[in-house]
Amino acid sequence: DAAIDCGGENTATLTNTAELFIGGVLDGSSQDDLIVDCRRVSNAATIDKTLSPSTPAPHTHNSSVTYDITVTNDDLEFPITDFIITDTLPTGFTFDETANTDCVYGTPTTVECAVAQVVAPGASATISLTANIADSTSLCDASHDNVAHVNLNEFVVSSDTEPLYIE
């Protein structure tokens, strides 16, 4: 076991040196440096997805809807940083790129929003995501589920589904 002293910095360099001795004589050596991230971050978060009050019911085809997606840091000690929200749109919905400049299409049905901020223990961060509903009556008189996930340090740690009824 080795302790890494970051000296108050965000990173530290850990050096590993290997030496080759032949007959008690140093014949060669090799050295590798490893940069260690000293920031303590949390993997404890929850996500809550709701319809924005700015787009109240009734919802119809050929319109748009805005979702508010809130990520809460459930850790009591460490912040969460640089997380990704992935939103899977229902069939017949498209992402409004003009309303969401911090988000991009990941695939034809998913939107990825990289949130590059630090969320303190117990605090929350909210983004809004607008989707356009296709001009198709086949979407009417049905509920459509929209699912969002929060990814921290490359792991999905929480998901939430928000149903939307189209009249």
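Student: Which residues does Asn151 touch, leaving out those up to four places away in sequence?
Tutor: With that exclusion, Asn151 touches Phe83, Ile84, Thr86 and Val156; please keep in mind that we are discussing a predicted model.

Student: Where does Asn151 lie, and what joins its side chain to that of Thr86?
Tutor: Asn151 lies in strand β10, which covers residues 142–152, and its side chain is joined to the side chain of Thr86 by a polar contact of 3.1 Å.

Student: Is Asn151 buried or exposed?
Tutor: Asn151 is buried, because its relative accessible area is 16%, and the cut-off for that label is under 20%.

Student: Which sheet holds β10, and what is the strand order?
Tutor: Strand β10 belongs to an open sheet of 5 strands, arranged in the order β7-β8-β5-β10-β11 with antiparallel pairing. The edges are taken by β7 (103–107) and β11 (155–166), each of which pairs on one side only, and the twist from one strand to the next averages 25°.

Student: How many bridges are there between β7 and β8?
Tutor: There are 4 bridges between β7 and β8 (residues 110–119), and the two strands pair in the antiparallel sense; as for individual residues, Val104 has Glu112 of β8 standing opposite.

Student: Switching to charges, how many salt bridges does a search of the whole structure find?
Tutor: The search finds 1 salt bridge, in which the side chains of Asp87 and Lys49 meet at 2.1 Å, taken from N to O. Asp87 lies in strand β5 (residues 80–88) whereas Lys49 lies in strand β3, so the pair ties together parts that are 38 residues apart in sequence.

Student: And are those two buried or exposed?
Tutor: Asp87 is buried, and Lys49 is buried as well.

Student: You mentioned β3, so what is the order of the sheet that contains it?
Tutor: That is an open sheet formed by 4 strands in the order β3-β4-β9-β6, where the pairing is antiparallel. Both β3 (45–51) and β6 (93–95) stand at the edges with a single partner strand each, so one side of each is left without a neighbour in the sheet. From one strand to the next, the twist in this sheet averages 30°.

Student: How many bridges join β4 to β9, and which residue is the partner of Val71?
Tutor: Strand β4 (residues 63–73) and strand β9 (residues 124–133) run antiparallel and are joined by 10 bridges, and the bridge partner of Val71 in β9 is Ala125.

Student: What does Ala125 touch, again leaving out residues up to four places away in sequence?
Tutor: Ala125, which is found in strand β9, touches Ile69, Thr70, Val71, Phe83, Gln117 and Val119 on that basis.

Student: Last topic, then: what pLDDT does the chain average, and which element has the lowest mean?
Tutor: The chain averages a pLDDT of 83, and 85% of the residues score at least 70. Among the elements of the chain, strand β2 (residues 25–37) has the lowest mean pLDDT, at 71, while β4 has the highest, at 93.

Terms used
Residues numbered from 1 in each chain as written. Predicted model: local features only at pLDDT ≥ 70, side-chain atom pairs only at ≥ 80, totals over all residues. Heavy atoms only, no water. Pairing = 2+ DSSP bridges. Axes fitted to C-alpha atoms, helices over the stretch in contact; angles between N-to-C directions. pLDDT = per-residue confidence, 0-100. Buried < 20%, exposed > 50% of the residue type's maximum accessible area, 1.4 Å probe, protein only. Polar contact = N/O pair within 3.5 Å; in protein donor to acceptor, adjacent residues only side chain to side chain. Contact = heavy atoms within 4.5 Å. Salt bridge = Lys/Arg side-chain N within 4 Å of Asp/Glu carboxyl O.
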